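Thanks for making the time. I have one structure to go through this morning, so please have a look at it first.

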Amino acid sequence: MTGNNFDIIVNDLIADTRHIIAETSEEVCSSHIEIWLTNDVITSVQYTRGCDGNAKGIGALIAGMTIEEAIRRLEGITCGKRPTSCPDQLAKVLKSL
């Protein structure tokens, strides 16, 4: 998978809560991102694979943040020489919702 084409599974748990599972690009270490939302507020984020500490840190920092604010803060972050990063991938998934 490349670019902004995400394989996304959305499970509506109740009217205002969603559980999103998105496959990340091949350019980052994580393979999937799980996002829990209540309305437009991020309640939890978990990455599959990748740097465990950084992934937990990202999740802890954006919990309670609106989708718009998370996109504003995370979009465009790169990882070394890679053109994207796990935070950038999260912003791209959020933009595609």
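This is a predicted model: local features need pLDDT of at least 70, side-chain atom pairs count only at pLDDT 80 or more; totals for chains, interfaces and linings use all residues.

Residues are numbered from 1 along each chain as its sequence is written, and side-chain values use heavy atoms, with hydrogens and water left out.

Confidence first. pLDDT is the predictor's confidence in each residue, from 0 to 100. The mean for the protein is 90, and 94% of its residues reach 70 or more. Helices here are DSSP runs of H or I with at least four residues, strands are runs of E with at least two, and both are numbered from the N terminus.

Now the sheet. Four strands form an open sheet in the order S1-S2-S3-S4, with antiparallel pairing; two strands pair if DSSP finds at least two bridges between them. S1 (8-14) and S4 (41-48) are the edge strands, each pairing on one side only. From one strand to the next the twist averages 15°.

What lies across the strands? Helix H3 (residues 86-96) does, over S1, S2, S3 (32-38) and S4, at about 50° to S3. Axes are lines fitted to C-alpha atoms, for helices over the stretch in contact (heavy atoms within 4.5 Å), and angles run from 0 to 180 degrees between N-to-C directions.

Next, the core. A nonpolar core is a set of buried Ala, Val, Leu, Ile, Met, Phe, Trp, Tyr and Cys residues joined through side-chain atoms within 4.5 Å. Buried means under 20% relative accessible area, exposed over 50%, and partly exposed in between, with a 1.4 Å probe and protein chains only. The largest such core has 22 residues, and those with the most contacts inside it include Ile35, Ile42 and Leu90. H3 gives the most to this core, with 5 residues.

Last, the loops. Most residues other than glycine have a negative phi. Asparagine 39, in the loop between S3 and S4, has phi near 55° and is partly exposed at 48%. Arginine 49, between S4 and H1, has a positive phi of about 70° and counts as exposed at 59%.
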